Amino acid sequence: MAIIKILHTLFGIFGNITGLFLFLAPMITFKRVIMNKSTEQFSGIPYVMTLLNCLLSTWYGLPFVSPNNMLVSIINGTGAGLEAFYVLVFLIFAPKKEKAKISGILFVVLSIFSTVALVSMLALHGNKRKVFSGFAAAIFSIIMYGSPLSIMRLVIKTKSVEYMPFFLSLFVFLCGTSWFVYGLLGKDPYIAVPNGVGSLLGTAQLILYAIYKENKGQSKKGEEDGRVEMELEKPYEKKIPNTQNGDAKA
């Protein structure tokens, strides 16, 4: 039991480290956005969804909701701050139509988090509070990790990894795997399941990168008009863990 507790803590710490790198990965992209004063072909949807995941996972990890998961709250609270910054930058430089779209989604995201937090605090107690909050966090952790699927489709279509940075994919894999093991050791399905999904998707991204890495920046002619979904990435910027990602996922 003592060994399991030590391993549980160690994987949580490693998950925090990889989660932080995952949340910081988009800094390069947003440096480009700020310098060009344009969001170009990028979309801010994954960042808004990752923000929701981080907020819900931070809530889930709090002691009065889920005991012994404070490491989950620490990394996701940090991630929430970073994702809020990314969303703000996107709103500043996005075209008017895209700005309205992301603002609407952001309103929905904040409404969902507020509802979950209020219901769990005022109407639920004990294990019911944990189950309700954990289920909500797990669902959106999976959504966060799944947000790069559109980019993976684009990679296959254009045979180019220009919009799928290697280190982002690497940290999606490392973060998802770390929190998956953390969840298993802690017997917490709300952390293990979504991060297991994140680990698998991170593996798929790395495989695609290995296949098409020689074609980086060489999208097929006539197939460059599709909108590209920006990643976490999670980290799906946790997942973060997913309740942890993180896009760090827990």
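Phe30, Tyr47, Phe85 and Tyr86 form one aromatic cluster. Rings of Phe, Tyr and Trp (its six-membered ring) pair if their centres lie within 6.5 Å; planes under 30 degrees apart are stacked, over 60 edge-to-face, the rest tilted. This is a predicted model: local features need pLDDT of at least 70, side-chain atom pairs 80 or more, while totals for chains, interfaces and linings use all residues. Residues are numbered from 1 along each chain as its sequence is written, and side-chain values use heavy atoms, without hydrogens or water.

How many aromatic pairs does the rule give? Ten. One is Phe21 with Phe171, stacked, 5.1 Å centre to centre and 10° between the planes. Phe21 lies in helix H1 (residues 2–24) and Phe171 in helix H8, so this pair ties together parts 150 residues apart in sequence. Helices here are DSSP runs (H or I, at least four residues), numbered from the N terminus. Phe171 is buried at 16% relative accessible area; buried means under 20%, exposed over 50%, partly exposed in between (1.4 Å probe, protein chains only). Phe21 is partly exposed, at 46%.

Next, Trp59 and Phe113. They pair edge-to-face, 6.4 Å centre to centre, 85° between the planes. Trp59 lies in helix H3 and Phe113 in helix H5, so parts 54 residues apart in sequence are tied together. Trp59 counts as buried, at 13% relative accessibility. Beyond four places in sequence, its contacts (heavy atoms within 4.5 Å) include Phe64, Met121 and Ser133.

Last, helix H6. Among its buried residues are Ser133, Ala137 and Phe140. Helices H3, H5 and H8 are among the elements covering them.

Terms used:
Helices (H or I, at least four residues) and strands (E, at least two) are DSSP runs, numbered from the N terminus.
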